[in-house]
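This briefing is meant to be read beside the sequence and the structure shown here.

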Protein chains: 2
Amino acid sequence: MPIRIGIIGAGSAVFSMRVVGDLIRTKELSGSEVVLMDIDEERLQAVEILANRLIDEFGSDLKFRKTASLEDAVKDSDFVINTALVGGHEYLEKVRVIGEKYGYYRGIDAQEFNMVSDYYTISNFNQLSYFVEVAKMISKLSPHAWLIQAANPVFEGTNLITRIMPDVKVVGFCHGHRGVFDIAKRLGLDISKLDWQVAGFNHAIWLNRFIYNGKDAYHMIEDLRDEHWKPQNPFDDQLSPMAFEMLDFYKMMPIGDTVRNSSWRYHRSFSEKLKWYGWPWGGADSEVGWQWYKEILKSIVNIVESLASFAKSSRDRIFTRENLEKFARGSDFPEEMFDEFFAIVEGKSGEQHIPFIKAITTGKAERLIVNVKNEGAIREIPNDVVVEIPAIVDDKGIHREKIDPPLNERVKKLYLYPRMMRMEMAVRAFLERDMSYIFEMLHRDPRTRSDGQVETVINEIVNLPENKKMREHYDMK
Amino acid sequence: MPIRIGIIGAGSAVFSMRVVGDLIRTKELSGSEVVLMDIDEERLQAVEILANRLIDEFGSDLKFRKTASLEDAVKDSDFVINTALVGGHEYLEKVRVIGEKYGYYRGIDAQEFNMVSDYYTISNFNQLSYFVEVAKMISKLSPHAWLIQAANPVFEGTNLITRIMPDVKVVGFCHGHRGVFDIAKRLGLDISKLDWQVAGFNHAIWLNRFIYNGKDAYHMIEDLRDEHWKPQNPFDDQLSPMAFEMLDFYKMMPIGDTVRNSSWRYHRSFSEKLKWYGWPWGGADSEVGWQWYKEILKSIVNIVESLASFAKSSRDRIFTRENLEKFARGSDFPEEMFDEFFAIVEGKSGEQHIPFIKAITTGKAERLIVNVKNEGAIREIPNDVVVEIPAIVDDKGIHREKIDPPLNERVKKLYLYPRMMRMEMAVRAFLERDMSYIFEMLHRDPRTRSDGQVETVINEIVNLPENKKMREHYDMK
C-alpha cells in the first residue's frame with residue numbers, strides 16, 4: 001500500500017536513517033515515497049545519498065526526494081513526521097550560557113521535573129511556533145494526514161497543537177518506554193512473556209504494570225539495586241541510584257527519561273548529580289554529560305559525511321556491521337554506543353513511527369506507546385491534557401488501553417501535577433501571548449533570589465537576534 | 001427548637017462570645033444548651049461567666065455548662081464546633097524559631113500559597129491528630145451530629161477528616177469571604193443588590209462573580225487601586241498592592257486570607273512584605289505584623305479577665321459599647337479593632353456557625369460559604385477534595401451552588417493545584433504514617449540549600465517534647 005511520508009528536519013541523519021531502515025523492512029509499505037525536508041542542504045544531501053544507498057543495498061522500491069520547502073513536504077503526504085529542532089543545539093547552548101551567568105545552573109529551562117537539556121520549555125518560542133506552523137500547513141494542504149510529533153518538547157508540543165488546531169490528527173512518539181525492556185533484560189526475562197504498561201506524560205512515565213508469566217514481577221526490580229552500579233554512558237540511568245530513589249519515594253518505577261526529570265534537589269550541583277546519576281558524568285544533563293553528548297552528535301555528523309562521500313565514490317557495501325564499525329572507529333564514536341547506531345541497519349530502531357504508519361495504513365494492529373489526549377485514561381488528569389500511554393493502533397485509529405492498575409496518588413499528585421503545571425504555563429504563555437507566565441515560572445524557581453534576576457535573564461534571552469519573532473509574538477517592541 | 005451544641009476550645013473567648021452573641025439573637029434556638037469545653041480551666045471559667053452575663057443582660061433562656069472532657073462535649077450534642085488550637089501559639093512560636101535558626105524565614109510551614117502564621121501544615125501533628133480524635137468521638141457517641149470545623153488548618157483538617165471518617169458529617173467554616181463585603185463597602189455598593197460568588201479552597205478563594213443591580217461590576221474593583229493605600233492594621237490587605245498584583249496575574253480577585261497566601265517571591269524578606277502588604281507591618285505574617293497580633297491576643301485575654309472579674313463583683317451592665325470601650329482602653333487594644341470586638345455584643349459576628357445550625361435545625365434556608373467535598377463544583381479539582389464554595393443550607397443538608405462563571409484556568413492550574421499538592425502531602429503523610437512527604441515538602445522549598453538542612457530542622461522539631469505522639473505515629477523511636 002504505497003503512501004507518502006514527509007519528514008521535517010530530515011537532516012537529522014540518525015533519526016532519518018532509523019525511519020528509512022524501519023521502512024525498508026516494512027514490505028506492506030513498499031512503493032511509498034518519502035519527502036526529506038530540511039533547511040540544512042548539506043546535511044540533507046548526505047541523508048538522501050545514504051537513504052538511496054540503503055534501499056539499493058537492501059533492495060526496496062521506496063522513493064526519496066529532498067526539499068527545503070515545508071509546503072512541499074506536507075502537500076499530498078499521508079503522514080508528516082516532525083523531528084526538527086529549530087535553531088539547533090547552538091541556540092540551546094547560547095540560552096544555557098545566559099542562564100548560568102545569572103545564577104541558573106544548567107539554564108533557566110532546567111527546572112524541577114523537566115531537567116532534560118535537549119529542548120526548552122520557557123525559551124523555546126521558535127520551536128513551539130514551528131510546531132504550530134507545521135500543524136497549520138497540514139490543516140490547509142493535507143487535512144487527512146497524521147502529524148507525528150517526534151520533535152521535543154513532545155509534551156508541550158502535542159498539548160499546544162491539540163489546543164490550537166483541534167482538527168489535526170496528531171500523535172506524539174518517544175522511545176523512552178524502552179527502559180522497561182532494559183529492566184527486563186537485566187532480569188533475564190523473556191520480553192514476549194511480559195505483560196507491562198507505563199503511563200504518565202512524555203518523559204514522565206511510570207511502570208504501573210509488570211507481570212511475568214502471569215505473576216506480578218514488580219518485586220523483582222528490587223534485585224537490580226546495586227551499590228556498585230556504574231553507568232555505561234551518561235544516558236544509562238534506568239538502574240541508577242536516582243531511579244531507585246524515585247521508586248522509594250513515588251512507589252512506582254520511573255521509566256526512561258523520567259529518571260532524568262527528578263526534582264531540583266538532585267540537580268542542585270554537579271556533585272549532587274554525580275551522586276545520583278553516577279561517576280564520571282553525573283547523568284546526561286550535567287555540564288560533563290552534556291559535553292559528552294555534544295561530542296557524540298559531532299561524531300555522528302562526521303560519520304554520516306564520510307559515509308556519504310564514500311558512497312559517492314565507491315560501489316562497496318556500506319551498510320554492513322564491519323564497514324560501519326570501520327567508519328565509527330575513524331571518529332570519536334564511543335564503542336558502547338555502536339549497537340544503537342547499528343540498529344539502523346538492522347531495521348530495529350525501536351522507534352514507533354513506521355509501526356504506527358503501518359498499523360494505520362494496513363489495519364494490522366500494533367501495540368504502541370502513544371502521546372494522545374487523556375480522555376479519561378489517567379484519572380484526575382484533565383481530559384484534554386496529552387498523556388503517554390499504551391494503545392492499540394489500527395486503521396480505525398488509536399484505541400487507548402485501560403491503565404490497570406492505575407497510577408498511584410504519589411505519582412499523580414506529587415509528580416504529574418507539578419509537571420503539568422509547567423506545561424500549562426509554557427503553552428498558555430504562547431496561546432495567550434502573555435509573557436507573565438514565563439516570568440512566573442522563574443519567580444517560582446528555587447534558584448531565583450530577586451525580581452531583578454528574573455527581569456535581567458529573560459530580557460537578555462528575549463533580545464537574542466534569534467528571538468525576533470518571539471518579541472513580536474509577545475508584543476515586546 | 002432546643003438543641004445541644006458542644007464548643008471544643010471554648011476558652012478562646014472571642015470566638016465563644018461571638019457564637020454566644022449570635023445564638024442569643026437566634027430566637028429559633030432558644031432553650032438550647034451549650035457545652036463549653038477547654039482544658040484551660042481559668043480561661044474557660046471567664047468565658048462561662050461572661051456567657052451567662054450576656055444572656056442575663058440580653059434575656060435569653062440558653063444554658064451553659066463547662067467541661068474539660070471531650071466526651072462530655074460530644075455526647076448528646078447535635079452540633080460540635082471544633083475551634084481548638086492544640087499547643088496554642090506557644091508551640092507555633094517555638095517551631096517558627098527553630099525554622100528560622102536553619103534558614104527558613106518565618107518557619108518551615110510558611111510556604112508558597114500557605115503563608116498564614118496561625119497554624120501549621122507540616123509541623124502540626126498534634127492538631128491534625130486532635131481533629132481525628134474529635135471526629136472519632138462524634139462517630140462513636142453522636143453519629144447524627146454535625147462536626148463544624150472552625151479550627152485551622154480548615155483545608156487540611158476537613159480533607160483529613162472526610163478521608164479518615166467518611167461517615168461523619170463535617171463542614172468547615174471561615175469568615176474570609178467577607179473580604180467581598182469590604183470591597184463592596186469601599187465601592188459604596190448596597191450589599192443586598194450584590195450577586196456574588198467565591199470559590200476555591202479555604203484561604204485560597206477567588207471572586208468569580210460580582211454583579212451589581214444585574215450588571216457585571218468586576219471592573220469597578222479597578223477603581224480601588226490606590227497608590228497611596230495604607231493598611232489600617234496588619235490584616236487589612238484586601239485592597240493592598242498584593243491583592244491587585246494577584247488580580248493582575250490570576251485575572252481574578254483574591255478574597256480574604258487568600259491575599260496573605262501569595263507565592264514565596266512576595267514573602268522572601270521583610271522588605272518584600274513591606275512593599276506588597278504595606279508599611280509598617282508588612283502584613284499579618286511578617287515578624288512585625290505577627291508581633292502586633294500576638295499583643296492583640298494578649299490584650300484580649302486581659303480584657304476578658306477584667307470583664308469576668310468585674311462581672312463577679314458588680315451588677316452593672318457589661319455589654320454596652322461604653323463599658324466595653326472602657327475596658328478596651330484599660331488594655332493595649334487598638335482602637336481600630338474595637339468595632340470587630342463590639343460586633344460580639346451586637347450578634348453580628350459575621351461567623352457562619354449559628355446561621356448554619358439554625359438552617360439545619362429549622363429548615364429556613366441560609367446562603368453560606370461552606371467547606372465541603374468538591375463533588376464536581378469546581379471542574380478539574382478531584383471530587384473528593386474539600387472546596388470552599390457558596391451553598392444553600394436547609395434541613396435537607398448542604399446544596400452546592402453552581403459556580404458560574406467557573407474559576408479561570410490560571411487560578412485553577414497555577415494556584416489551586418500547587419496549594420492542593422501541599423494539602424495532599426500533609427494529609428497523606430498523616431494517613432500513611434510516612435514522614436517522607438514532610439521531608440519532600442522541604443526538599444521542594446526554595447529556602448532549602450542542602451539535604452542536611454532539611455534533616456536537621458525536621459529532627460529538631462520532631463524531637464520537641466510536645467511531639468512525642470508525632471514520633472510514635474511515625475515510628476521514630
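A salt bridge is a side-chain nitrogen of Lys or Arg within 4 Å of a carboxyl oxygen of Asp or Glu. By that rule, two salt bridges are counted between domain 1 of chain A and domain 3 of chain A, in what is a predicted model where local features need pLDDT of at least 70, side-chain atom pairs count only at pLDDT 80 or more, and totals for chains, interfaces and linings use all residues. Residues are numbered from 1 along each chain as its sequence is written, chains are lettered from A, and side-chain values use heavy atoms, with hydrogens and water left out.

**Domains 1 and 3**

- The domain assignment (automatic or from a database) places domain 1 of chain A at 4-90 + 110-172 and domain 3 at 411-467.
- Contact (heavy atoms within 4.5 Å) links 19 residues of domain 1 of chain A with 21 residues of domain 3 of chain A.
- The centres of domain 1 of chain A and domain 3 of chain A, taken over C-alpha atoms, are separated by 27 Å.
- A:Arg163 forms a salt bridge with A:Glu424, in which the closest N and O atoms are 2.9 Å apart.

**A:Val370**

- A:Val370 lies in strand β11 (residues 366-373) of chain A, a strand being a DSSP run (E, at least two residues), numbered from the N terminus.
- A:Val370 is buried, with a relative accessible area of 0%, where buried means under 20% (1.4 Å probe, protein chains only).
- Leaving aside neighbours within four places in sequence, A:Val370 is in contact with residues including A:Val171, A:Phe173 and A:Ile389.

Conventions. Helices (H or I, at least four residues) and strands (E, at least two) are DSSP runs, numbered from the N terminus. Buried means under 20% relative accessible area, exposed over 50%, partly exposed in between (1.4 Å probe, protein chains only).
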